[in-house]
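Student: I've got a model open and I'd like to learn how to read its pockets and helix packing. Can you walk me through it?

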Amino acid sequence: MISKNTKEEKKMKVAINDISFLNGFAEIAVARRALIQFGEAALRLRDDRVSKVDTNVDIVNNYKVNKSLKLAPQYTLIKALNDIRSVNMERYLCILQILTMVGEEAENDPDEFCFSGYRSKHCARYKKGFLLSIVSDSAFAQKTIRGALRDGTECVIRNIALEEHIDFYWEELGFRLYELNPKHGMREYIRAGGEKVGIAPESDEKGQFLLNQAIEYKGKLFAVDRDKNNRIFEFRYSYANKYHGFLQEDLVENDRKRIVELAR
């Protein structure tokens, strides 16, 4: 499987918001619903179309968020996970992978993120990335969370708690959707003025698959079609988070080799 992150792309770290979990819930039913919602957002991040987040390495948990953590009175995280398991195995496995891989506290953390009476070195460490929050308070349902660092400096961290947040942050997360541009058909042709117009991928499914694997190289997006002799497709921005693609045959040999190498 080709990694979603390449040497020429900036990795986007997503930190589990331990404060949102420590805040807890008063009722079991509310905690269960919130964890399900958390799972839906996590699954959306796992979508191959989200090109700049690899859920295996880019989502970072904190040791405070573990199986024994109480989400509500007499209701531990592992009990909540088992409840979800009986309803939706995919969601259960996704949350289990993320939340039960207990992280380690780094030594000499430079700062703390302070919010609503809680302090988190974990959130502060990833303040330039994203938080992934469970909605235990209305503040955690927002696209950003405002707190303060240890010295009182205001700190705003981008937040993901709802699926719609991923749509909002599509560019930063690399959530790309393929859409056919009618000018790129199944046959190459020359436009008035002499410009060559490359063919599009054979189907929308093929286009989306290649777009999911696309890498950034010299400010452009390229994907390698390994099923057909390493053909290279270039993808260009259309609008919103939509991209179209076409066969790119005008690359110099050094660039072509480098793209194939990076896409491994």
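This is a predicted model: local features need pLDDT of at least 70, side-chain atom pairs count only at pLDDT 80 or more; totals for chains, interfaces and linings use all residues.

Tutor: Let's start with empty space. Rolling a probe the size of a water molecule over the atoms shows where empty space is left. Here, the second largest pocket holds about 250 Å³ of space.

Student: Which elements give two or more residues to the lining of that second largest pocket?

Tutor: They are α7 (170-173), β14 (220-225) and β15 (231-239). β15 has the largest share of the lining, with 4 residues.

Student: And which residues lie nearest the centre of the second largest pocket?

Tutor: Look for K52, R176, E216, L221 and Y243, out of 14 lining residues. By class, the lining of this pocket has 7 charged, 5 nonpolar and 2 polar residues.

Student: Now helices. At what angle do α3 and α4 pack?

Tutor: The general idea is to compare the N-to-C directions of the two axes; over 145 degrees counts as roughly antiparallel. Helix α3 (residues 77-85) and helix α4 (residues 89-99) pack at about 155 degrees, with axes 8 Å apart. Therefore α3 and α4 are roughly antiparallel to each other.

Student: Which residues make that contact between α3 and α4?

Tutor: From α3 you have L77, L81, N82, I84 and R85, and from α4 there are M89, R91, Y92, I95, L96 and L99. Sorted by class, the contact of α3 with α4 has 8 nonpolar, 2 charged and 1 polar residues.

Student: How is α2 placed relative to α4, roughly parallel or roughly perpendicular?

Tutor: Use the angle again: 65 to 115 degrees counts as roughly perpendicular. For α2 and α4 the angle is about 85 degrees, and their axes are 9 Å apart. That makes α2 roughly perpendicular to α4. On the α2 side, the contact includes L35, I36, F38 and E40, while R91, C94 and I95 are among the α4 residues. The contact of α2 with α4 divides into 9 nonpolar, 4 charged and 2 polar residues.

Student: E40 and R91 are both in that contact. What do E40 and R91 form?

Tutor: A salt bridge, and for those you look for a side-chain nitrogen of Lys or Arg within 4 Å of a carboxyl oxygen of Asp or Glu. In the E40 and R91 salt bridge, the closest N and O atoms are 2.5 Å apart. E40 lies in helix α2 (residues 28-46) and R91 in helix α4, so the pair ties together parts that are 51 residues apart in sequence.

Student: How many salt bridges does the count come to?

Tutor: By this rule, 21.

Terms used:
Residues are numbered from 1 along each chain as its sequence is written. Side-chain values use heavy atoms; hydrogens and water are left out. On a 1 Å grid over the protein atoms alone, a cavity is a set of points where a 1.4 Å probe fits but cannot get out, and a pocket is an open set with protein on both sides within 12 Å along at least five of seven lines; lining residues have an atom within 4 Å of a point. Grid points are joined across faces, edges and corners, and a volume is the space filled by probe spheres set on the points. Ala, Val, Leu, Ile, Met, Phe, Trp, Tyr, Cys and Pro count as nonpolar, Asp, Glu, Lys and Arg as charged, and the others, Gly among them, as polar. Axes are lines fitted to C-alpha atoms, for helices over the stretch in contact, and angles run from 0 to 180 degrees between N-to-C directions. Angles under 35 degrees count as roughly parallel, over 145 as roughly antiparallel, 65 to 115 as roughly perpendicular and the rest as oblique. Contact means heavy atoms within 4.5 Å.
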